[in-house]
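Here is a friendly walk through one structure, from a loop position to the core and a helix pair. Please have a look at it first.

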Amino acid sequence: MFTSPADGYDRFMGRYTRTLAPELVDATGLDRNARVLDVGCGPGGLTGVLAGHVGAQNVAAIDPAPQFVAACRERHPDADVREGMAEALPWPDGVFDAALSCLVVGFMTDADHGLREMARVTRPGGVVAACMWDLDEGGMTMLETFWAAARRLDPDVVGERMRVGVGRGDIATRLRAIGLRDVADGALTARADYADFDDFWEPFTFAVGPAGAYLAALPADHQEQIRQLCRPLLPDGPFTLEARAWFARGIVPPLLLDG
Ligand SMILES: C[S@@+](CC[C@H](N)C(=O)[O-])C[C@H]1O[C@@H](n2cnc3c(N)ncnc32)[C@H](O)[C@@H]1O
């Protein structure tokens, strides 16, 4: 699902990370000298914003996709970028002041275990924060447009509504369940500019994420039908799409046990 080159990801989803990541960092609340971890860093959109905030030498990042790890290392050579999964973080207990993940919990094999791992490597009193697109109430316009068109062709299409974290309050509920304190949640707003409809459509053909993978598995005539169904849903000429993400953060208590 995330086997595409970094530049394909940049055009599909990274264009939203540019505005989402600063919102996530602000909502998390980080000291300027904090040591921070970016879980599921992809090509490094959030990693770069964290580096701008606390200095790249204070940033660690991890992702299972080797081409994203390579891109993130190249873009942020002073950060500690590793290949691996949230569910088995290769750092000792309590070494970070904060662990963040941007658009990742819904892709973890075991999201609750991944969130517990983020809490384990964060010191007591530190922060764990995560966000995922609102795919339940349709707040992520780009993906909502695509899945609405796909459902007109096949009403049984599930889309991404079943993923962890995409419903209001889900991440916060999970953070409370793993024992974090003072959990706060809300919505973040990102946006992306498009030159025209082709600029919107072409990145779907790069097979990035669930929507791209779904499209790539369809016969060419069905792909073209979805494209044509999307077309009238969007303006002519340049346009900007907004995207809402659900966000939550919680404080690591003393003696949170590894689970
Ligand atoms: C939608 S991308 C988000 C990338 C980046 N955080 C951003 O905001 O642009 C999802 C990322 O999660 C990564 N991922 C998938 N499963 C993971 C897991 N179990 N642990 C950590 N990262 C994972 C993927 O490789 C991909 O880079």
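Let us begin with Pro-77, which sits in the loop joining helix 3 (66-75) to strand 3 (80-83). Keep in mind that this is a predicted model. Pro-77 has 9 C-beta neighbours inside 10 Å, and it is therefore classed as exposed, since the cut-off for that class is 12 or fewer. From the C-alpha atom of Pro-77 to that of Cys-230 the separation is 39 Å, and the two residues lie 153 residues apart along the chain.

The largest nonpolar core has 82 residues, and the members touching the most others are Leu-24, Val-128, Cys-131 and Ala-245. Helix 1 (residues 6-28) is the top contributor to this core, giving eight residues. Leaving aside residues up to four places away in sequence, Val-128 is in touch with a set that includes Ala-99, Leu-115, Met-118, Leu-175, Arg-249 and Val-252.

Helix 1 also packs against helix 2 (residues 45-54), with an angle of about 40 degrees and axes 8 Å apart. Because of that angle, helix 1 and helix 2 count as oblique to each other, and helix 1 passes helix 2 in a right-handed crossing. The residues that make the contact are these:

| Helix | Contact residues |
|---|---|
| Helix 1 | Gly-14, Thr-17, Arg-18, Ala-21, Pro-22, Leu-24, Val-25 |
| Helix 2 | Gly-45, Leu-46, Val-49, Leu-50, His-53 |

Sorted by class, the contact of helix 1 with helix 2 has seven nonpolar, four polar and one charged residues.

Terms used: Residues are numbered from 1 along each chain as its sequence is written. This is a predicted model: local features need pLDDT of at least 70, side-chain atom pairs count only at pLDDT 80 or more; totals for chains, interfaces and linings use all residues. Helices (H or I, at least four residues) and strands (E, at least two) are DSSP runs, numbered from the N terminus. A residue is buried if 20 or more other C-beta atoms lie within 10 Å of its own, exposed if 12 or fewer, and partly exposed in between; C-beta atoms are placed from the backbone. A nonpolar core is a set of buried Ala, Val, Leu, Ile, Met, Phe, Trp, Tyr and Cys residues joined through C-beta atoms within 7 Å. Two residues are in contact if their C-beta atoms, placed from the backbone, lie within 7 Å. Axes are lines fitted to C-alpha atoms, for helices over the stretch in contact, and angles run from 0 to 180 degrees between N-to-C directions. Angles under 35 degrees count as roughly parallel, over 145 as roughly antiparallel, 65 to 115 as roughly perpendicular and the rest as oblique. A crossing is left-handed if the near helix is turned anticlockwise from the far one by less than a right angle, and right-handed if clockwise. Ala, Val, Leu, Ile, Met, Phe, Trp, Tyr, Cys and Pro count as nonpolar, Asp, Glu, Lys and Arg as charged, and the others, Gly among them, as polar.
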